[in-house]
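Please look through the sequence and the model below before reading on.

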Amino acid sequence: MWGPSHFFLILCLWACLDALPVAVNKTKVSPPVEELEPPKSADTGLHYDRYLREVIDFLEKDPHFREKLHNTDMEDIKQGKLAKELDFVSHHVRTKLDELKRQEVNRLRTLIKLKQDANGEKVDHQALLKQFEHLNNMNPHTFEVEDLDRLIKSATNDLDNFDKERHEDFKKYEMAKEHDRKEHLKTLDEDARKKEEEHFEELKKKHADHAKINHPGSQDQLKEVWEEADGLDPNDFDPKTFFKLHDTNGDGYFDEQELEALFTKELEKVYDPTHEEDDMMEMEEERLRMREHVMNEVDTNKDRLVSLDEFITATNRKEFLEPDGWETLEQNPIYTEEELREFEEHLAREEQDLNLKTNDLMKQREELERQQEQLNAQKMELQRVGE
């Protein structure tokens with residue numbers, strides 16, 4: 001499982017690439033504009049991330065498309081209305097988009113070729129290309145309205161499904177960890193196994209013994225950040241001021257990365273990288289769970305951004321002042337015994353298949369060595385006859 005990644009919808013990417021003003025210290029001399037590099041937005045995690053970014057970058061350079069983009073709402077973009085504006089962009093931009101598409105198609109074909117070589121069997125190129133729904137592979141030469149529409153819809157759908165896939169990946173990580181622990185116990189004698197089990201239970205109790213966790217996004221949680229991180233009087237807590245303090249890029253929104261940064265104080269109550277019982281992978285999953293929860297509660301228009309209005313509205317709700325308790329990962333079973341059993345059976349089948357392939361390869365190697373010995377013997381016999 002990867003570290004803390006931050007995933008945005010297509011409009012978030014446009015917003016990140018747009019040159020939005022940020023607060024600066026006017027007492028310092030700023031370097032010339034041409035020497036400044038635009039800030040890098042977070043990787044979306046999509047396998048076509050680079051292609052997506054390059055398409056966005058060139059569309060942003062077209063004045064007509066840029067204007068339409070900023071005057072089109074999210075729903076119209078999802079329905080493909082923005083994609084139709086591609087017909088009106090400049091010839092230079094269209095030419096560059098054609099080139100980008102050809103490069104992406106070639107990249108996909110290279111991946112297919114690598115897969116074919118690895119498997120040692122023929123691959124249906126067209127069938128595999130259809131799996132990459134972010135472009136129209138039936139027309140590999142020019143970037144058309146359908147390509148932009150596909151790109152937007154694919155990115156939107158893939159990013160919407162990210163949290164679901166993340167949950168599954170984390171579940172597999174936890175089951176693999178438990179499986180490895182059980183396999184290790186099998187290698188120990190009875191006394192050592194008993195000590196290992198006792199130590200494991202001791203670590204679990206030690207990890208669970210932590211300070212109370214404030215509900216993410218509640219007044220108590222934000223006030224703690226206000227007091228301990230910002231160094232301000234909790235009696236002076238003001239949601240609007242808090243929002244401006246933690247909107248680190250000054251664009252008027254909390255993105256996922258800015259939200260996740262707010263939970264560090266809570267996570268430090270549970271996780272310490274110097275403690276044997278604390279798993280940093282679990283800490284990052286806890287952070288993402290908190291972000292996901294707050295987004296579900298506060299992000300009413302589902303654009304994966306929290307505006308100032310959405311934030312202020314949330315602070316006026318009863319749940320903000322009187323939240324329920326927050327259950328951490330150790331209080332929420334990640335998997336069932338049945339899921340663990342199925343996972344271990346799957347691992348056993350994979351190991352069996354791997355052993356069979358290894359045996360086949362060994363037999364092939366032995367056969368090749370035998371044939372080589374025969375050839376060497378024949379060669380020596382021919383040389384002897386020739387002499």
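Rings of Phe, Tyr and Trp (its six-membered ring) are paired here if their centres lie within 6.5 Å, with planes under 30 degrees apart counted as stacked, over 60 as edge-to-face and the rest as tilted. The model is a predicted one, in which local features need a pLDDT of at least 70 and side-chain atom pairs count only at pLDDT 80 or more, while totals for chains, interfaces and linings use all residues. Residues are numbered from 1 along each chain as its sequence is written, and side-chain values use heavy atoms, with hydrogens and water left out.

By the ring rule there are seven aromatic pairs. In one of them, the ring centres of Phe-242 and Phe-311 are 6.2 Å apart and the planes lie at 10 degrees, so this pair is stacked. The two partners come from distant parts of the chain, since Phe-242 belongs to helix 11 and Phe-311 to helix 15, 69 residues apart; helices (H or I, at least four residues) and strands (E, at least two) are DSSP runs, numbered from the N terminus. Phe-242 has 0% relative accessibility and counts as buried, and Phe-311 is also buried, at 8%, where buried means under 20% relative accessible area, exposed over 50% and partly exposed in between (1.4 Å probe, protein chains only). Both rings belong to one aromatic cluster, formed by Trp-226, Phe-237, Phe-242, Phe-243, Phe-254 and Phe-311.

Helix 15 (residues 308-315) can now be followed from Phe-311, which is one of its buried residues, together with Glu-310, Ala-314 and Thr-315. Seen down the helix axis, these buried residues fall within an arc of 135 degrees, so they line one face of helix 15; the arc is that of the directions from the axis to the C-beta atoms. Among the elements that cover them are helix 10 (219-229), helix 11 (239-246), helix 14 (280-298) and strand 1 (253-254), contact meaning heavy atoms within 4.5 Å.

The UniProt record, an unreviewed entry, places the feature "domain: EF-hand" at residues 234-269 and 286-321, and such annotations may be inferred rather than shown by experiment. Residues 234-269 are 56% helix and 6% strand, with end C-alpha atoms 19 Å apart, whereas residues 286-321 are 69% helix and 6% strand, with end C-alpha atoms 22 Å apart.

Finally, pLDDT is the predictor's confidence in each residue, from 0 to 100, and the protein averages 83, with 85% of the residues scoring at least 70.
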